[in-house]
Amino acid sequence: MFVAIIKPLVVNITILFSLIFNANLFFPFRRKMMLTWKQKMIYGVVSSFTAILCMMYPIQPLAKTNFDFRMIVILVTTLYIGKTAGLLCTFTVVIVRFIIGGPFAYVGSAVSVFAYVVGMMFRTSFFNVKRKKLYGLMIVFIYLILYVATIIYAVPPLPWRFYVVYFSFFIAMFVALIYVIERLIQFNEQFDDMIYVDKLATVSEMAASFAHEIRNPLTTVRGFVQFLSEDTTDENVKKFAPVILEELDRTNQIITEYLTLAKPTPFERQKVNIDDVLYTSVHLLSPLGAMANVSLQLYTEGKSDVYGDKHYLKQALLNVIKNGMEAIEYGGVVTIHKTVNEKEKEVIITISDTGKGMTEEQLKNIGLPYYTTKSKGTGLGSMITARLIRQMGGTITYESRLNVGTTVTITLPLYEGD
């Protein structure tokens with residue numbers, strides 16, 4: 001009896017792990033995956049195929065009953081990929097279960113639908129918790145209450161040993177899949193960081209080689225242009241001198257950004273009142289916002305201090321807020337919201353704008369060297385900001401929808417000293 005239960009369970013486990021690793025191979029898991037409709041459908045098809053394979057190797061402790069791990073496939077797909085892929089998987093499972101037939105087809109279909117419903121109920125909250133294995137354990141227990149209640153009501157009693165073995169494996173497999181997916185997400189993020197650091201080193205080497213040499217003659221040229229424009233009677237010189245000076249200043253700013261990347265950044269990590277930094281940043285940018293018809297709204301919940309460098313933290317926040325303002329073309333709002341997560345010991349700053357937003361492709365490239373969505377820009381500002389936040393032990397993530405706006409989320413370690 002025990003061997004007859006274990007053999008199909010081992011096959012189901014192998015099938016499930018195969019799904020996870022193959023899915024990660026084609027579409028690497030990320031903390032917040034921005035999937036196209038086509039990618040969601042591919043995930044739905046792959047998960048449906050996996051669920052069907054599980055149904056081909058069921059445990060049959062009672063004639064015409066089919067116990068397998070297809071419900072785990074539905075739960076994991078719905079939690080991580082979303083309603084489209086989860087619904088496609090659930091629909092396929094229900095159709096196949098009715099094709100298999102038997103007096104318990106309705107029961108098998110019902111418990112599959114319950115898996116999708118539970119997954120949808122907890123999907124949003126599941127992404128917002130850090131301890132996903134514990135939260136996943138709670139989710140699977142809630143689902144099992146529905147599952148067990150259904151089979152007790154509709155299926156003749158089975159040996160208690162079967163229930164113990166089957167549901168123990170069910171719980172362990174679900175938690176194991178969450179653990180594996182989270183580890184894959186960590187590995188993928190580490191790989192992305194390695195690529196980022198490599199590109200940052202390349203840009204730094206280039207910057208160090210020519211930035212200083214270019215800056216000196218530019219300063220001389222600017223001085224002569226300014227001198228000539230003051231004493232000349234030539235109308236063309238007076239007309240175009242401001243444009244020349246503006247472009248020289250912009251070139252000088254680009255070189256400054258290169259130098260910021262090239263030179264070592266001495267950090268003085270200490271207690272920083274984040275509220276003061278936020279208020280100062282908003283105060284400095286308010287005149288610029290008024291000129292562009294953009295209002296800045298700041299909301300802070302509770303007093304809090306972070307562990308970082310005040311100067312560079314202000315520089316990073318100014319970069320992000322200014323980018324949000326520049327993304328708004330015909331007037332709008334940039335909202336800065338600060339909250340504290342005492343449980344995770346971190347401060348969360350969200351900066352949202354009502355600008356033009358970005359496509360998924362543009363969003364993937366934010367922070368890479370030379371990439372920018374502005375007509376005049378180098379893309380180094382976002383790269384410098386990302387580096388500064390990382391050096392302070394924080395994280396920065398971007399979410400955006402075209403013609404809706406962009407939200408930047410910055411997390412910083414909470415100061416825990418005296």
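This is a predicted model: local features need pLDDT of at least 70, side-chain atom pairs count only at pLDDT 80 or more; totals for chains, interfaces and linings use all residues.
Two strands count as paired if DSSP finds at least two bridges between them.

Let's zoom in on one pair. Strand β5 (residues 346-353) runs antiparallel to strand β7 (residues 405-413), and 7 bridges join them. You can find one by looking for Ile348, whose bridge partner in β7 is Thr411.

Now for some charged side chains. Side chains of opposite charge can pair when their charged atoms come close. How many salt bridges does a search of the whole structure find? The count is 4. One of them joins Asp275 and Lys338, at 3.0 Å from N to O. Here Asp275 belongs to helix α9 (residues 274-291) and Lys338 to strand β4 (residues 332-341), so this pair links parts of the chain that are 63 residues apart. Are these two buried or exposed? Buried means under 20% relative accessible area, so Asp275 counts as buried at 1%, and Lys338 does too at 0%.

Another salt bridge brings Lys271 together with Asp305, at 3.6 Å from N to O. Lys271 is in strand β1 (residues 270-273) and Asp305 in strand β3 (residues 305-308), so the pair ties together parts 34 residues apart in sequence. Lys271 is partly exposed, with a relative accessible area of 47%. Then there's Arg70 with Asp68, at 2.8 Å from N to O, where both residues are buried.

Finally, take a look at a pair of helices. The axes of α4 (residues 83-100) and α5 (residues 105-128) come within 9 Å and cross at roughly 175 degrees. Angles over 145 degrees count as roughly antiparallel, so that is what α4 is to α5. Among the residues making the contact are Leu87, Val94 and Phe98 of α4, along with Tyr106, Val113 and Met120 of α5. The contact residues divide into 9 nonpolar, 5 polar and 2 charged.

Terms used: Residues are numbered from 1 along each chain as its sequence is written. Side-chain values use heavy atoms; hydrogens and water are left out. Axes are lines fitted to C-alpha atoms, for helices over the stretch in contact, and angles run from 0 to 180 degrees between N-to-C directions. Helices (H or I, at least four residues) and strands (E, at least two) are DSSP runs, numbered from the N terminus. Angles under 35 degrees count as roughly parallel, over 145 as roughly antiparallel, 65 to 115 as roughly perpendicular and the rest as oblique. Contact means heavy atoms within 4.5 Å. Ala, Val, Leu, Ile, Met, Phe, Trp, Tyr, Cys and Pro count as nonpolar, Asp, Glu, Lys and Arg as charged, and the others, Gly among them, as polar. A salt bridge is a side-chain nitrogen of Lys or Arg within 4 Å of a carboxyl oxygen of Asp or Glu. Buried means under 20% relative accessible area, exposed over 50%, partly exposed in between (1.4 Å probe, protein chains only).
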